[in-house]
2 protein chains.
Amino acid sequence: MPSLACSAEPETLRARRAALARTLDGRTAFFFAGAERPRNYPANTYPFRAGSHFLYFGGVGLAGAVLEVGPSASVLHRVPSTPEDALWHGPAPDDEALQAATGVDEIRDVAGLADAVAAARAPCTLPAVDLATRLRQARIFGLDWPEDRPVTVGDLDEGDRTLAQAVVEIRLRNDDDAVARIRAACRVTHAAHGAGVAAMAPGRREAAVRAAIESVMLAHGAEPAYGSIVSIAGEILHNTTYHRTLAHGDLLLVDAGAELDGWASDVTRTYPVGGRFLPEQRALYEVVLEAQRTAIEAVAPGVRFRDLHLAAARVLARGLVDEGILVGEVDGLVEAGAHALFFPHGLGHLLGMDVHDMEDLGDAAGYAPDRTRSDAFGLCYLRLDRDLEPGMVVTIEPGLYLVPAILEAEHLGRAFVERKMVDLDRLETFASVRGIRIEDDVLVTEEGADVLTASIPKAPEAVEAAVARRGFAPAG
Amino acid sequence: MPSLACSAEPETLRARRAALARTLDGRTAFFFAGAERPRNYPANTYPFRAGSHFLYFGGVGLAGAVLEVGPSASVLHRVPSTPEDALWHGPAPDDEALQAATGVDEIRDVAGLADAVAAARAPCTLPAVDLATRLRQARIFGLDWPEDRPVTVGDLDEGDRTLAQAVVEIRLRNDDDAVARIRAACRVTHAAHGAGVAAMAPGRREAAVRAAIESVMLAHGAEPAYGSIVSIAGEILHNTTYHRTLAHGDLLLVDAGAELDGWASDVTRTYPVGGRFLPEQRALYEVVLEAQRTAIEAVAPGVRFRDLHLAAARVLARGLVDEGILVGEVDGLVEAGAHALFFPHGLGHLLGMDVHDMEDLGDAAGYAPDRTRSDAFGLCYLRLDRDLEPGMVVTIEPGLYLVPAILEAEHLGRAFVERKMVDLDRLETFASVRGIRIEDDVLVTEEGADVLTASIPKAPEAVEAAVARRGFAPAG
């Protein structure tokens, strides 16, 4: 029998389904694992990843499967194994093994799904990640979902929206099983960053460092939770090219996190390639670190995440004023949005089975029901505006970047130069910085912040020592 | 300006488009690069891979782009870059850079595509790999393509089928540029297998060997052309799990090939984990090697690939008779299909931009127009039945496997035991074999076979030495 990789213990899965059923008011939820996504032709698929809602309540990543969570019982509708499957893919887990792993009450052939939906009282569902499955859902449930773009919460009918809200409420606060698995993913990420540090040296390519990092993930049976960013062009925020050659004086921004058994981690460190920060790099590095420390220290139940963002923004603005890059009084600069020229993204986001947890539901998870996104540059990219609660896992990731597209834009950089809030001449002396980000994964507890990735060095001396010694101590 | 990874020189691309235009009889072809495929939520996508037909004639992997190849001019319809793109993804290549890289006559905004199609004389297209793009194609071209399964050649109307045949005729015979790039991919694969050998040892997990192999691909700016198979359970033909622990006496089957700049390689070696084949493993290994040698030596223009398959099958059957596993006379055994119990798949397939080249067109590429697949077990999995021509690149990959699902099946293993063609008692002494496959990539030349992956050790002594010494010499 093949090993069955699971994202939770069966008791956990049962407890999650029971919690869901309690809030669903007699509705029956159907979660779709989704279909394999083709790479360059139908039979050559990307590594299969089941939808996170399915995985969260169902535990096993079975392509094509559907989990039914009813008021009193759960059914896993699976694609039956064919003799050809046995030849090409080996023996599939039998129903008994599946039932033991998932704790469901029954296993059925997914061929009967439409009948099960028709027989269910008040069936509801959430859009699967792949379009083929969404079209199938729309047919089975008689839904009028759009075909030319992802389905958003606004497209859902009332029953499905109720389900979305119920799922968000449960997944927002991670249970012990979830926290243990996020911790495990963070340990793999610790080792991966260590291998990246060992691989970085002037003359090597970004690709070599990325390879060392992802190799550790694969060796642990994990995989990248998102496209790793490993670049000396740290000012390109979602840079997933790796062709540049490292040189003395470069900062290498490494934003890489492992996903293990369906649970993500997400860590950024910024390393001086030659083992020493240049003075101007170190100055801004310490500003970012101070902003991160300020935000982490303020983490506590009841604290609004947007306030952490603004607190970090003030520290960054203060640091930029101290360095002569911004000119003026901190509160006024932050109010005007001058800090966002250099810190254009949000302080962080929810982390869980998705690296931006539940972002498939738009802002339904990240924003409290009575809050919406700001229109302001910078704040409009903030993915999280909730009051923190114990069990939430969030990233805290301030950064400073010199982005030509921002600094040269009429309505951004040039407008602030015009208002004499930015000193471009002074900024030139910081050209070697390009991009700095420091990111940790933080569990909110009753006491405050439990930094799950604290073991990965980030103090400037520790980072320099790690690069110079080509590695750092394993996770405790 | 970002570096623009290309899959061919602009002169090559122009020559390919000119060759296509000459066969299209005034038609205008539209090739779709396709859209990014989501992993667990819309914004977290798998690494983008453009469709191979688009890449073959267009050269650059631009998501959402469409290449128009008309009788006298080519147009690249691209998604224009937004200010947000510049922030998140850095500067995009400008039109001038794109035109230089692709050699097209014009670059346009893809927003005008429907008008371009409407204005074109006899527009035709091939189905993109992703469903979202296929739905878009169906709308623009007024096609009635199926939505619940991949589009096959049988679904195409006459104009599109003509285009499919024209593309197959061109892509079948690789030009010098293509061959040079396949060679480059093979060199990366050589290094990757070397790293895999260095990483294999009793007590380590399959995942560690896979990680070492794919790490080399990533470090070269390449990626796996398909899901690597790295397993001691070699009898599971498409096994992409990596959780098993290696032990003395195991054979580790490694089927891993790099894709570099859109061009694939595909190599299998079977390694004794402890550095020594057990006598029964070595006996069957030499049978597989002899089958491969026989097939490779017979490669020549005009030779029918199916005859190579059958020649290899006869060598395998002869070896199995010599070892006492099959009982009877070789030709009769092969005619009865007894060899296919142990060699259930085809001898090989086309290789190019796709590891099974042009398999998106079903058998239109693999099978000559007047040939169709056999119904016989084993032969039904043969992906290639054409007469070889110079410029074709094919894999030659015989194997022997002890697959419980086959040996225990009433109509397969048991039927042949009944007919006294298989000696199960004797077979038991070979239980440690599980699966052996030896696969190389072969360019057909006027003179015969040019084995592009010959530098990767495969003689049993060389394989043993490589494992014992934890590596082998770099590619020449």
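Which residue is the bridge partner of A:Pro224 in E11(A)?

Modeller: Happy to. The model is predicted, so local features need pLDDT of at least 70 and side-chain atom pairs count only at pLDDT 80 or more, while totals for chains, interfaces and linings use all residues. Residues are numbered from 1 along each chain as its sequence is written, with chains lettered from A and ligands numbered from 1 in the order in which they are written.

The partner of A:Pro224 in E11(A) is A:Ala258. Two bridges join E8(A) to strand E11 (residues 258-260) of chain A, and the two run antiparallel. Strands here are DSSP runs of E, at least two residues long, and helices are runs of H or I, at least four, numbered from the N terminus; two strands pair if DSSP finds at least two bridges between them.

Now for the setting. Chain A is split into domain 1 (10-172) and domain 2 (176-469), with bounds from an automatic or database domain assignment. Over C-alpha atoms, the centres of these two domains of chain A are 34 Å apart. Contact between them involves 14 residues of domain 1 of chain A and 15 residues of domain 2 of chain A, where contact means C-beta atoms, placed from the backbone, within 7 Å. On the domain 1 side, helix H2 (52-58) and helix H7 (158-172) of chain A are the elements that give two or more residues. H7(A) gives the most, with five residues.

Next, the partner chain. The contact between chains takes 57 residues from chain A and 57 residues from chain B. Elements of chain A giving two or more residues to this side include strand E2 (38-41), helix H3 (83-89) and helix H9 (206-219). H9(A) has the largest share, nine residues.

Four bridges join strand E17 (residues 440-445) of chain B to strand E18 (residues 448-451) of chain B. A hairpin links E17(B) to E18(B) through two residues, and B:Thr445 stands opposite B:Gly448 in E18(B).

I'll finish with a helix. In helix H14 (residues 410-418) of chain B, the buried residues are B:Leu412, B:Gly413 and B:Phe416. They cover an arc of only 75° around the axis, which puts them on the same side of H14(B). Buried means 20 or more other C-beta atoms within 10 Å of a residue's own, and exposed means 12 or fewer; the arc is that of the directions from the helix axis to the C-beta atoms. B:Glu410, B:His411 and B:Glu418 are exposed on the other side of H14(B). The buried residues of H14(B) pack against helix H13 (404-407) of chain B. Just after H14(B), B:Lys420 takes a positive phi of about 60°.

Conventions. Two residues are in contact if their C-beta atoms, placed from the backbone, lie within 7 Å.
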